[in-house]
Amino acid sequence: MVAHNQVAADNAISTAAEPRRRPEPSSSSSSSSSSSPAAPARPRPCPAAPAPTPGDTHFRTFRSHAEYRRITRASALLDACGFYWGPLSVHGAHERLRAEPVGTFLVRDSRQRNCFFALSVKMASGPTSIRVHFQAGRFHLDGSRESFDCLFELLEHYVAAPPRMLGAPLRQRRVRPLQELCRQRIVATVGRENLARIPLNPVLRDYLSSFPFQI
């Protein structure tokens, strides 16, 4: 009985002394894990394009406040004249002038970075476009030495002076309001410089002076 207890105690000591082994993975599980395809790498996002700067324009910056006022004045008169076509392309302007009489013209925005406006006119050879330059506070046509303080004085000059390159403007509205026709006739009769002498109420005088040209 004592011997049996001694053997059992020896077996317990030897069993406790042996470290436990972790079960090794089977060959089937290792082969399945090695044969499984690797997860594809995620593509890196492309860097975002830089946002455009607010107020980007093809126009150059103004060199002085006086230059800014002169261009602002020209833009206001263009908006009131009826033959300013804004960002119309060269092709679009020529297509509109193709069936018109020789001398018909319109004013549009220039696509050139160093010009504000362009003059498109129907010549005897077909429609053509001429850049309107603005330098030293004055307007002149490309290739011409004659310059003017006002864009509409330039247009009036080429309408009236020989060889009268310009004729009638191509207006977006073919039928003009009666008040515009009356204003044009008054300006042509008394002259732009004499408008202030006409005995009119301030409202009518302001209307005459808002577009004092014969075009």
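This is a predicted model: local features need pLDDT of at least 70, side-chain atom pairs count only at pLDDT 80 or more; totals for chains, interfaces and linings use all residues.

At what angle do helix 6 and helix 7 pack, and how far apart are their axes?

The protein has seven helices and four strands. Read from the N terminus, the order of elements is α-α-α-α-β-β-β-β-α-α-α. Of the 215 residues in the protein, 31% are buried. The accessible surface is about 15,100 Å², and carbon and sulfur atoms hold 57% of that area. Among the contacts with a separation of 6 or more, 48% are between residues 24 or more positions apart.

Now the part itself. Two packed helices are described by the angle between their axes and the distance between the axes. Helix 6 covers residues 178-190 and helix 7 covers residues 202-210; they pack at about 80 degrees, and their axes are 10 Å apart. An angle from 65 to 115 degrees counts as roughly perpendicular, so helix 6 is roughly perpendicular to helix 7. On the side of helix 6, the contact is made by Gln-179, Glu-180, Arg-183 and Ile-186. Helix 7 contributes Tyr-207, Leu-208 and Ser-210. Sorted by type, the residues of this contact are three nonpolar, two polar and two charged.

What does Leu-195 touch, leaving aside its neighbours within four places in sequence? Its contacts beyond those neighbours are with Ile-186, Val-187, Val-190, Arg-205, Leu-208 and Pro-212. Two names on that list, Ile-186 and Leu-208, also take part in the contact of helix 6 with helix 7. Leu-195 and Leu-208 are 13 residues apart along the chain, and their C-alpha atoms are separated by 7.4 Å.

Most residues other than glycine have a negative phi, and most peptide bonds are trans. The bond from Pro-162 to Pro-163 is cis, with omega near 5 degrees. Arg-164, which is not a glycine, has a positive phi near 55 degrees. Its relative accessibility is 57%, so Arg-164 counts as exposed. Ala-136 also has a positive phi, of about 55 degrees, without being a glycine. Ala-136 is in the loop between strand 3 and strand 4. With a relative accessible area of 78%, Ala-136 is exposed.

For comparison with the part you asked about, consider where the nonpolar residues gather elsewhere. The largest nonpolar core has 29 residues, and Phe-152 and Leu-155 have the most contacts inside it. At least two residues of this core come from each of helix 3, strand 1, strand 2, strand 3, strand 4 and helix 5. Apart from this core lies another, of six residues, including Trp-85, Leu-88, Leu-106 and Leu-170.

Leu-155, aside from neighbours within four places in sequence, is in contact with Phe-83, Phe-105, Val-107, Leu-119, Leu-166 and Ile-215.

Helix 4, residues 90-97, has Gly-92, Ala-93, His-94 and Leu-97 buried. Strand 1, strand 2 and strand 3 are among the elements that cover them. Helix 3 holds Ser-75, which is partly exposed at a relative accessible area of 26%. Ser-75 and Phe-117 are 42 residues apart in sequence, and their C-alpha atoms are 9.8 Å apart.

Notes. Residues are numbered from 1 along each chain as its sequence is written. Side-chain values use heavy atoms; hydrogens and water are left out. Axes are lines fitted to C-alpha atoms, for helices over the stretch in contact, and angles run from 0 to 180 degrees between N-to-C directions. Angles under 35 degrees count as roughly parallel, over 145 as roughly antiparallel, 65 to 115 as roughly perpendicular and the rest as oblique. Contact means heavy atoms within 4.5 Å. Ala, Val, Leu, Ile, Met, Phe, Trp, Tyr, Cys and Pro count as nonpolar, Asp, Glu, Lys and Arg as charged, and the others, Gly among them, as polar. A nonpolar core is a set of buried Ala, Val, Leu, Ile, Met, Phe, Trp, Tyr and Cys residues joined through side-chain atoms within 4.5 Å. Buried means under 20% relative accessible area, exposed over 50%, partly exposed in between (1.4 Å probe, protein chains only). Accessible areas come from the Shrake-Rupley method with a 1.4 Å probe; for residues, only the protein chains shown count as cover.
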